[in-house]
Amino acid sequence: MAEHEHISCQEVVELVSDYLDQTLPADEATLFEQHINFCDGCDWYLDQMRTTVATVGRVTEEEVPEETRDKLLTAFREWKRS
Amino acid sequence: MNAYKFLRADGTGVFTRFAWPLPDAGPGDWVATEPHPCRSGIHACRLGDLPYWAGRVLYEIELEGEVVEHKTKVVASRGRLLRRVDTWDDALRATYTRYCADRAHEMARESGLERWEEVIEPSIPEGPALLGFVAARIAEEAGGPQAYHAERARQTDWLADRLGLA
Amino acid sequence: MPESGLQERTAAEEGELLARLRAGDERAFEALVERHYATMLAVARHYVNTRAVAEEVVQEAWLGVLKGIDRFEGRSSLRTWILRILVNTAKTRGVREARSVPFSSLVPEGAEPAVEPARFRGADDPFPGHWRAYPGNWQRLPDEALADRETLKVVLAAIHQLPPPQRIVITMRDIQGCDAQEVCEALDVSEGNQRVLLHRARSKVRGALERHLDG
């Protein structure tokens, strides 16, 4: 009989990022999903991680400094002319 | 081949949240996926897989195309839901959960694994999948991997019988 | 999944900007510069000594982009192509500057658990490794809690506090929508290391969000 495998919550939280990006090997992904299926805590953790990534995606990044913007626009206009 | 599939209460996939075409007068529409072995595909349960994936609503599913068998599931490229297994309702879920909990208590006491007792009752609200796992884990601690699989087989037999499945 | 939706939107927008850029549309150029600035600066900063030099590298790279834009065949995404020019420019400049500060190592060092071990049951427990107390169910939170400015500020602050390698990777992957391949190329890091850095970055930001939301 095959050895039984399962993963704990502590292991799940280390796999969540790879699971979201679909880079877990098939067998590990199955164990992961089996665990999520019975463990509310990890189901909520997975949801927290999804929410985190989505929120990170909404962050606006640092703006282009004016000096840089001006230099680049000048370069652009020169390029246009050439 | 025919197999089984658990879905969320709203008819969406447990992990993908894909909205399955549900059977009405007849089977639901066919769903096809791209043939990527690891990433996509339609996941389904053979009878013996049911305890691992116990969920809210249960359907019988017809699978076509390439069907790959894994340890606790099958993955196919095409599938359609044939019928809902109505016998899997909230009442039976509760009865099954209770069955697993009673088995867990029995095995814990028999094997002197009292420390598991504190875990069993508090797990009940989380339902059948968790209790099935707890019972199987206690069996494993008492009797090794074979005992784990034997307990899962008992769970399958219980389910097949009560659900009226082949 | 974060990648596919973000990447699809990005690809469509890129196509539009590229067409307008070639037609000489200044607004398109500005938009492109804005869109990539933070990432280009962070990546350049990885290769050179000072922020000031990194700025110059970014400007120089954009000149290279303009010079080559007519020859861009679209075999890679526009962003990948821009980043390649940026990296080449940065590397050249880094060599010339005889970069004196060592690279902040992109090899993830040591263990860094995603969640403090104390939050899980110990080895003597019947359920070793399981949560002692479950994390919060954020589905129960009102929508506003996750959408408000305060929350975004918390996330931004958390990103800024990350060690530079983690910060660059999460910026490129989850803000810019770069795929793993682009990150590996831009930073000369293995796919495996890049995944670890992203995992650690996301875990830290989740932790910050959790402290903010759960009080």
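Which residues of helix H8 (residues 180-187) of chain C are buried? Keep that in mind while you get set up.

This is a predicted model, where local features need pLDDT of at least 70, side-chain atom pairs count only at pLDDT 80 or more, and totals for chains, interfaces and linings use all residues. Residues are numbered from 1 along each chain as its sequence is written, with chains lettered from A and ligands numbered from 1 in the order in which they are written.

**Stop 1: chain C, 180-187.** Select Glu182(C), Val183(C), Ala186(C) and Leu187(C): these are the buried residues of H8(C). Buried here is 20 or more other C-beta atoms within 10 Å of the residue's own, exposed is 12 or fewer, and partly exposed is in between, with C-beta atoms placed from the backbone. Look down the axis: the four sit on the same side of H8(C) because they cover an arc of only 105 degrees, taken from the directions from the helix axis to the C-beta atoms. An α-helix has 3.6 residues a turn, so residues three or four places apart point the same way. Now show H2 (26-47), H4 (78-96), H7 (164-175) and H9 (191-214) of chain C, the helices that the buried residues of H8(C) pack against. Helices (H or I, at least four residues) and strands (E, at least two) are DSSP runs numbered from the N terminus.

**Stop 2: where B touches A.** Select the 20 residues of chain B in contact with 13 residues of chain A; contact is C-beta atoms, placed from the backbone, within 7 Å. On the chain B side, H1 (50-53) and H4 (128-163) each give two or more residues, and H4(B) gives the most, with eight.

**Stop 3: inside chain B.** Colour domain 1 (2-84) and domain 2 (90-163) of chain B separately; the bounds come from an automatic or database domain assignment. Their C-alpha centres lie 25 Å apart, and five residues of domain 1 of chain B are in contact with nine of domain 2.

Next, pick strand S1 (residues 2-7) of chain B, where five of six residues are buried. S1(B) pairs antiparallel with S4 (residues 57-69) of chain B over six bridges; pairing takes at least two DSSP bridges. Find Lys5(B) and you'll see Tyr59(B) of S4(B) opposite.

**Stop 4: chain A by confidence.** Colour by pLDDT, the predictor's confidence in each residue from 0 to 100. Chain A averages 90, with 95% of the residues at 70 or above.

Conventions
Two residues are in contact if their C-beta atoms, placed from the backbone, lie within 7 Å.
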